[in-house]
Amino acid sequence: MRRMAMSHATAKQAHTWRSIVDAYARAERNGSAYKTDTRAEFLREPTIDATVVLRVATALRDKPKAEPTTPKGNWRNPFLPYDEDLWCCDLSETHVLLLNKFNVVPHHTLVVTKEFKSQEDPLEIDDVKALWDTLLCYPSGSLAFYNSGPHSGKSQPHKHVQVIPLPLADGLSMLPFQHLFEAAWTERANDSDSTHEDGTCFPVKTLPFVNYACKLDALMSSSEVHRRYQALVASVVQQAGSVPVSYNLLLTADWMMAVPRKQEKAGPVSVNALGFAGTFLLRSVEEINYMRNLGCLAVLQTVGMAWPSNTSA
């Protein structure tokens with residue numbers, strides 16, 4: 001995980017971070033944002049030497065809350081217009097930065113298009129520029145994620161990318177699966193038969209679900225990040241064998257990973273992109289029991305896609 005000293009941040013990044021901090025303090029005072037109280041629990045996955053973070057709601061229900069059945073005609077876009085109490089700053093002529101109204105960790109933000117665009121559309125260059133600028137403004141590092149498509153765990157049809165601060169829990173020095181990315185990258189570098197360039201997409205085959213990753217760097221231009229994103233999505237589409245495809249995208253300042261999806265839930269557990277980063281929000285006793293009995297990797301393999309037996313690394 002990259003930790004960026006604020007002294008090395010650009011003036012724009014420093015301004016963006018200050019706007020997030022000020023907006024969050026204001027939202028806490030006036031009650032315009034709601035934080036779900038949780039405690040961090042940990043689940044070991046010994047087969048990959050990883051510790052997954054379970055964010056367990058303090059006020060547990062016996063069973064997951066039923067999904068609301070709001071008629072489509074009654075749906076209101078929360079981003080058009082957005083709640084001004086959640087506004088952090090305008091990132092550009094095309095994007096605004098908002099607080100997440102229902103957050104689990106402080107300073108959870110949303111990079112939102114000012115005009116309606118579909119969450120099922122690919123990220124364009126202006127989307128990536130806005131999210132990259134936001135991701136780099138967090139002084140202790142951050143994780144951005146995009147839930148795209150009906151099986152991705154998306155919550156709104158209006159295009160938005162979410163950003164949360166790192167670490168995922170106190171005492172964690174890196175993301176739960178990050179050592180697997182590093183190992184896959186090193187293995188590819190040592191493979192004389194493979195093309196090994198910084199922009200190369202590669203699979204992390206020690207994870208039991210289809211995924212493709214690539215390296216990033218905080219000094220990289222947003223146009224280069226966008227080029228690598230397009231290569232990742234092309235690999236995911238080729239592996240999934242269908243268009244359009246539901247997928248999750250994860251980014252830090254060092255890595256980007258895309259994961260195709262086949263369904264939103266495993267049993268009672270709804271999974272969005274954060275599951276593939278190694279963290280889950282659990283709100284009921286049933287969800288906790290299911291996760292602990294089945295295991296994180298089995299849950300992710302259920303909602304993702306298993307590697308074909310004839311696929312080479």
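**Close-up views of a predicted protein chain**

Among contacts (heavy atoms within 4.5 Å) in the protein chain between residues at least 6 apart in sequence, 68% join residues at least 24 apart. The model is predicted: local features need pLDDT of at least 70 and side-chain atom pairs count only at pLDDT 80 or more, whereas totals for chains, interfaces and linings use all residues. Residues are numbered from 1 along each chain as its sequence is written, and side-chain values use heavy atoms, with hydrogens and water left out.

**Figure 1. Overview of the protein chain.** The secondary structure comprises 7 helices and 15 strands. These elements are DSSP runs numbered from the N terminus, with helices being H or I of at least four residues and strands being E of at least two. Of the 313 residues of the chain, 52% count as buried. Buried denotes under 20% relative accessible area, calculated with a 1.4 Å probe on protein chains only; exposed denotes over 50%, and partly exposed lies in between.

Figure 2. Helix α1 covers residues 11-30. At 1.5 Å a residue, its 20 residues should span 28 Å, and the end C-alpha atoms are 29 Å apart, which agrees. The expected span is 1.5 Å times one less than the number of residues in the helix. The buried residues of α1 are Gln 13, Thr 16, Trp 17, Ser 19, Ile 20, Val 21, Ala 23, Tyr 24 and Ala 27. They pack against β1 (34-35), β4 (87-90), β5 (95-99), β6 (102-103), β7 (109-113) and α2 (125-135). Just after α1, Gly 31 adopts a positive phi of about 75°.

**Figure 3. The open sheet of 8 strands.** The strand order is β4-β5-β7-β9-β8-β11-β12-β10, with antiparallel pairing. Two strands are taken to pair if DSSP finds at least two bridges between them. Strands β4 and β10 (212-215) stand at the edges, each with a single partner strand, so one side of each is left without a neighbour in the sheet. Neighbouring strands of this sheet are turned by 20° against each other on average, direction ignored. Axes are lines fitted to C-alpha atoms, for helices over the stretch in contact, and angles run from 0 to 180 degrees between N-to-C directions.

Figure 4. A hairpin of 4 connecting residues links β4 to β5. These two strands run antiparallel and are joined by 3 bridges; Cys 89 stands opposite Leu 97 in β5. Strand β7 and strand β9 (residues 160-165) also pair in the antiparallel sense, over 4 bridges. Within β9, Gln 162 is the bridge partner of Leu 110. Helix α1 lies across β4, β5 and β7 and runs at about 155° to β4. Helix α4 packs on the sheet as well, touching β10, β11 (247-251) and β12 (255-260), and its direction makes about 25° with that of β12.

**Figure 5. Helix α2 and its crossing with helix α4.** Of the 11 residues of α2, 8 are buried, so this helix is largely enclosed by the rest of the structure. The buried residues are Asp 127, Val 128, Ala 130, Leu 131, Trp 132, Asp 133, Thr 134 and Leu 135. The axes of α2 and helix α4 (residues 222-240) come within 9 Å and cross at roughly 115°. The crossing is right-handed. A crossing is right-handed if the near helix is turned clockwise from the far one by less than a right angle, and left-handed if anticlockwise. At the contact, Ile 125, Val 128, Lys 129 and Trp 132 in α2 meet Ser 222, Ser 223, Val 225 and His 226 in α4. The residues of this contact divide into 4 nonpolar, 3 polar and 1 charged. Here Ala, Val, Leu, Ile, Met, Phe, Trp, Tyr, Cys and Pro count as nonpolar, Asp, Glu, Lys and Arg as charged, and the others, Gly among them, as polar.

**Figure 6. The open sheet of β2, β3 and β15.** Its 3 strands follow the order β2-β3-β15 with mixed pairing. The edge strands are β2 (38-45) and β15 (279-284), each of which pairs on one side only. Neighbouring strands are turned by 30° against each other on average, direction ignored. Strand β3 (residues 50-61) runs antiparallel to β2, to which 8 bridges join it. The bridge partner of Ala 40 is Arg 55 in β3, and that of Glu 41 is Leu 54. The hairpin formed by β2 and β3 has 4 residues between the strands, and Asp 49 in the turn has a positive phi of about 55°. Strands β3 and β15 run parallel and are joined by 5 bridges; Arg 61 stands opposite Ser 284 in β15. Helix α6 (residues 285-294) lies across β2, β3 and β15, running at about 135° to β15.
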